[in-house]
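These are my notebook entries on a single structure. I set out to look up its aromatic pairs, one of its helices and its pocket space.

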Amino acid sequence: QTGILAGSLYHYFRSKDEILVEGLTRYYADSVRDLRQVVNRDTPPVDMLGELIGTAVRFLVERPDETAILHNDFDYLKRQPAFEFVIGEAAEVQKCWEQAIARGIASGDFTDDLPPSLAYRAIIGATFSTARWYDPAGASHPAQFTRQLTTAILHGLRSTPRQVASP
């Protein structure tokens with residue numbers, strides 16, 4: 001909500017793309033800031049990853065439009081000259097997640113069978129795909145949903161004596 005009429009936006013922006021650029025620029029700035037705050041703290045890797053997942057869920061709940069656009073249309077956007085910035089911003093986001101995952105691997109909390117880049121993509125894919133069915137106003141409050149999602153993800157990353165057999 002901007003508090004102004006939709007037609008008035010074009011007094012400030014020349015096109016819909018320019019509006020979207022502004023919105024996604026702010027989204028990424030906020031996202032990178034929040035993720036860096038988590039990664040820069042001296043937190044155990046399991047807790048850190050839980051906080052990162054919580055941050056992702058918070059963005060999913062509080063900023064569903066930008067999240068959906070980036071999740072669904074990233075490949076299209078990155079090929080458009082006005083949106084080339086999303087490549088660098090997405091790399092910054094990925095770097096934060098991969099740092100946390102690498103710390104967990106180094107500490108022995110997470111399996112070393114999975115490279116941080118693949119773990120990141122799996123976590124983000126699992127988290128943001130919930131936008132299609134998760135209703136924050138429904139039975140599962142966002143905090144409860146975050147705990148449940150974090151548990152599901154962490155059980156897949158935990159280091160265990162038994163490894164999954166190759167197919």
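**Entry 1: Aromatic rings**

I began with F85, which counts as partly exposed at 24% relative accessibility. I note at the outset that the model is a predicted one. I then looked up F83 and found it buried, its relative accessible area being 2%. The two residues fall in separate classes because buried requires a relative accessible area under 20%: F83 has 2%, whereas F85 has 24%.

F83 and F85 make up one of them, a tilted pair with 6.5 Å from centre to centre and 35 degrees between the planes. I recorded both values, since a pair of aromatic rings is described by the distance of the centres and the angle of the planes.

I next looked up Y134 and F145, whose rings are stacked, with centres 3.9 Å apart and planes at 10 degrees. This pair joins distant parts of the chain: Y134 sits in the loop between helix 6 and helix 7 (142-157), while F145 belongs to helix 7, 11 residues away. I found both Y134 and F145 to be buried.

I also noted a cluster in which ring pairs link Y27, Y28 and F59.

**Entry 2: Helix 5**

I turned to helix 5, which covers residues 85-107 and has 23 residues. How far does helix 5 reach from its first C-alpha to its last? I read 34 Å, close to the 33 Å expected at 1.5 Å a residue.

I listed the buried residues of this helix as V86, A90, V93, Q94, C96, W97, A100, I101 and G104. Just after helix 5, I found G108 with a positive phi of about 90 degrees.

**Entry 3: The largest pocket**

I then asked how much space lies in the largest pocket. The value I recorded is about 530 Å³. Its lining consists of 23 residues, and Y28, A90, V93, Y120 and I124 are the ones nearest the centre. I found that helix 2 (16-39), helix 3 (45-62), helix 4 (64-77), helix 5 and helix 6 (116-129) each give two or more residues to this lining.

Which element provides the largest share of the lining? I assigned it to helix 5, with 6 residues. A90 and V93, listed above as buried in helix 5, are among the residues nearest the pocket centre. Y28, a member of the ring cluster, is also among them.

Definitions and conventions. Residues are numbered from 1 along each chain as its sequence is written. This is a predicted model: local features need pLDDT of at least 70, side-chain atom pairs count only at pLDDT 80 or more; totals for chains, interfaces and linings use all residues. Side-chain values use heavy atoms; hydrogens and water are left out. Helices (H or I, at least four residues) and strands (E, at least two) are DSSP runs, numbered from the N terminus. The expected span of a helix is 1.5 Å times one less than its number of residues. Buried means under 20% relative accessible area, exposed over 50%, partly exposed in between (1.4 Å probe, protein chains only). On a 1 Å grid over the protein atoms alone, a cavity is a set of points where a 1.4 Å probe fits but cannot get out, and a pocket is an open set with protein on both sides within 12 Å along at least five of seven lines; lining residues have an atom within 4 Å of a point. Grid points are joined across faces, edges and corners, and a volume is the space filled by probe spheres set on the points. Rings of Phe, Tyr and Trp (its six-membered ring) pair if their centres lie within 6.5 Å; planes under 30 degrees apart count as stacked, over 60 as edge-to-face and the rest as tilted.
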